[in-house]
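This report describes side-chain contacts and pocket lining in one protein model. Please keep the structure open while reading.

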Amino acid sequence: MNIAEMYQKSTAQVMLRWLMQRDIVALAKSTHIERMKENIEIFDFFLSDEDMKKISELDTMESLFFDHQTPETVDMFVGMVSDRKGKI
């Protein structure tokens, strides 16, 4: 049984709860009323220390999208901001 099943919550709810218990502000966005309700229903459970650790251990320190640590990534974002400024 996975962590979400144990708490009878969705994976998204578990992740939001995990972030909250770590004092990280999460900005959950949805245009679907069901998901909005789900996003707020994270205050009726707490993740155990063991489950918090299990979730933390899932981090591979690698992005599937881009490397957050390279100068090329910084240049990419600076370029994106510059491009958007020109379009405003």
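Predicted model: local features only at pLDDT ≥ 70, side-chain atom pairs only at ≥ 80, totals over all residues.

Which residues are linked in a network of salt bridges? The network is made up of Glu50, Asp51 and Lys54.

## Salt bridges

Side chains of opposite charge can pair when their charged atoms come close. In this model the count of salt bridges is four. Two of the bridges described here involve Lys54. One joins Lys54 to Glu50, with 3.4 Å between the closest N and O atoms. Both of these residues belong to helix H4 and are four residues apart, about one turn of the helix. The other joins Lys54 to Asp51, at 4.0 Å from N to O. Asp51 and Lys54 are three residues apart in helix H4, so about one helical turn separates them.

Asp51 is buried, because its 3% falls under the 20% limit.

A further salt bridge links Lys53 and Glu57, whose closest N and O atoms are 3.1 Å apart. Is Lys53 buried or exposed? Lys53 has a relative accessibility of 52%, so this residue counts as exposed. Glu57 is also exposed, with a relative accessible area of 52%.

## The aromatic pair

A pair of aromatic rings is described by the distance of the centres and the angle of the planes. How many aromatic pairs does a search of the whole structure find? The search finds one. The pair consists of Tyr7 and Phe45, with ring centres 5.5 Å apart and planes at 45°, so the arrangement is tilted. Tyr7 is in helix H1 (residues 3-7), while Phe45 is in the loop between helix H3 (33-40) and helix H4 (49-56), so the contact ties together parts that are 38 residues apart in sequence. Both Tyr7 and Phe45 are buried.

Ile24 is in the loop between helix H2 (11-21) and H3. With a relative accessibility of 35%, Ile24 counts as partly exposed.

## Charges over rings

Two arginines are placed over aromatic rings. Arg17 lies over the face of Phe46, 4.3 Å from the ring centre. Arg22 has its charged end over the ring of Trp18, at 4.3 Å from the centre of that ring.

## The largest pocket

Rolling a probe the size of a water molecule over the atoms shows where empty space is left. What is the volume of the largest pocket? The volume is about 160 Å³.

The lining of the largest pocket consists of Asp59, Met61, Glu62, Ser63, Phe66, Asp67, His68 and Gln69. Sorted by class, this lining has two nonpolar, three polar and three charged residues. Met61 and Phe66 are the nonpolar residues, and Ser63, His68 and Gln69 are the polar ones.

Notes: Residues numbered from 1 in each chain as written. Heavy atoms only, no water. 1 Å grid on protein atoms, 1.4 Å probe; cavity = no way out; pocket = protein on both sides within 12 Å on 5 of 7 lines; lining within 4 Å. Points joined across faces, edges and corners; volume = space filled by probe spheres on them. Phe/Tyr/Trp six-rings, centres within 6.5 Å; stacked < 30°, edge-to-face > 60°. Helix = DSSP H or I, 4+ residues; strand = E, 2+ residues; numbered from the N terminus. Buried < 20%, exposed > 50% of the residue type's maximum accessible area, 1.4 Å probe, protein only. Lys NZ or Arg CZ within 6 Å of the ring centre and 35° of its normal. Salt bridge = Lys/Arg side-chain N within 4 Å of Asp/Glu carboxyl O.
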